[in-house]
Amino acid sequence: MPEKSIPKEAAYQIVHDELLLDGIPRLNLATFVTTWMEPECNKLMAEAINKNYVDMDEYPVTTELQNRCVNIIAKLFNAPSADQTKQAVGVGTVGSSEAIMLAGLAFKKKWQNKRKAQKKPFDKPNIVTGANVQVCWEKFARYFEVELKEVKLREGYYVMDPVKAVEMVDENTICVAAILGSTFNGEFEDVKLLNTLLTQKNKRTGWDTPIHVDAASGGFVAPFLYPELEWDFRLPLVKSINVSGHKYGLVYAGVGWAIWRSKEELPDELIFHINYLGGDEPTFTLNFSKGSSQVIAQYYQFLRMGFEGYKKVMSNCMESARILREGLEKTGRFQIISKEKGVPVVAFAFKGNDRKNLAFGLSKALRNYGWIIPAYTMPANAENVTVLRVVVREDFGRQLVEKLLFHIGIALKEVTDAASGVPMIRLTVEMKADESEMNAGEGTIHIPGASVHWKHDKPETDDTQVPIMDGKTKGVC
């Protein structure tokens, strides 16, 4: 910390200038997180920046807006509680990571309570997921002492196999977690098939293993583009769902949502009760103080966009993804890994040999044009596949898609030339006239050595004579 203060203008300029070295958020195609919102919403967020979300007694309207958002999302996910009661069961969170922690804790506590009542051991809970889950699931397992049982992926199949997942379920499984929109390739896992297979196993064994759906990316995509797809509370074993408002919920980073099927799925001992204007306000969070801006922004988007607006945005994103996918295919260099049905993500890999180096090389080369496109290897059993991924967001329109394809074409040539290993040949050329031919106006070029350093231990010498007329060569070497 400096010893003395400086003018506010100077402090601003110092920080502002240093931040210029950051990447440009809208060209950051690695992130699912929203990087653009309307000026009116930005204004609302700025107006609420000094409101602490947890002060429900002081900011009752903000609390009411959060409850409205919970109801809207619960109805979007076909939660029975959204139709039967005034208030659905859910909570706003800092992001899907907190939402997943809360859902996981609810499953663990409910499983433990049941095991205690049955006088059975309750010290070895486990959870079944695919190896493609986001790192927050690993954090939950480690922080809250739950064994993580992962279904391995395989080349060509990059999501959890429901059949293998159900095979891994045992009496200690607190839930099976399915992903609606894998971060690797945007693909939806088959939650309906998982529900069917798990129902059959529960019937055979007498267990009641439930399902949690991690809809961080797909929760605000599927209801608008694939309303017929059954993945949510229409399936009886789906007990809770998380979704990120700061992804395709179209809000800046810092808001997620956890929604439960009913009160029965959320053990009461996990809920804290706050006296709110003479009434009871139940809360279930891991964080305490946090800003209100993102919750307010989420409500603004629901009010502003409506079902129609969200559907248009998601349709536009999918159309931009289609144009990008077709442009990449036209190069003949890439294999598309992502599926057409999923979240607006285009994941692609190089064809042929040396795919890993080319992928990382292309990612690095595109940085020169401002684009941030990640390259990464797939998890175990598919680690020989190296993928590049573009997340298509609302602010990534057709013009930017075309510009990206243009830059990919240039960068492809750069990385291909670099990978081809073209040798750098250095020539030392001495030009002098032959004394015997001095009067004739002719001479000889002597090339004493040409060294190919990357290949040969010793330089090779090639003596070549090229006739010269009037002191100039006849051509260009």
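I began with the charged pairs, and the count comes to 17 salt bridges, a salt bridge being a side-chain nitrogen of Lys or Arg within 4 Å of a carboxyl oxygen of Asp or Glu. I keep in mind that this is a predicted model, in which local features need pLDDT of at least 70, side-chain atom pairs count only at pLDDT 80 or more, and totals for chains, interfaces and linings use all residues. Residues are numbered from 1 along each chain as its sequence is written, and side-chain values use heavy atoms, with hydrogens and water left out.

I looked up Glu 64 next, which forms a salt bridge with Arg 68, their closest N and O atoms being 3.2 Å apart. Both residues lie in helix H3, four residues apart, about one turn of the helix; helices (H or I, at least four residues) and strands (E, at least two) are DSSP runs numbered from the N terminus. Glu 64 is partly exposed at 35% relative accessible area, and Arg 68 also counts as partly exposed, at 35%, where buried means under 20%, exposed over 50% and partly exposed in between (1.4 Å probe, protein chains only).

I then checked the length of H3 (residues 60-76): at 1.5 Å a residue its 17 residues should span 24 Å, which agrees with end C-alpha atoms 24 Å apart, the expected span being 1.5 Å times one less than the number of residues. Among the buried residues of H3 I noted Leu 65, Cys 69, Val 70 and Ile 73. After H3 comes Asn 78, whose phi is positive, near 60 degrees.

I followed two further pairs. Glu 230 forms a salt bridge with Lys 192, with 3.7 Å between the closest N and O atoms. This pair links distant parts of the chain, 38 residues apart, with Glu 230 in the loop between helix H9 (222-225) and E6, and Lys 192 in helix H8 (residues 191-205). Asp 161 forms a salt bridge with Arg 154, at 3.8 Å between the closest N and O atoms; Asp 161 counts as buried at 14% relative accessibility, whereas Arg 154 is partly exposed at 35%.

Last, I turned to Asn 242 in strand E6 (residues 238-244), which is buried, with a relative accessible area of 0%. Its side chain makes a polar contact with the side chain of His 212 at 2.7 Å, and another polar contact, of 3.0 Å, joins it to the side chain of Asp 214. I take a polar contact as a pair of N or O atoms within 3.5 Å; within protein, one must be able to donate a hydrogen and the other to accept it, and residues adjacent in sequence count only if both atoms are side-chain atoms.
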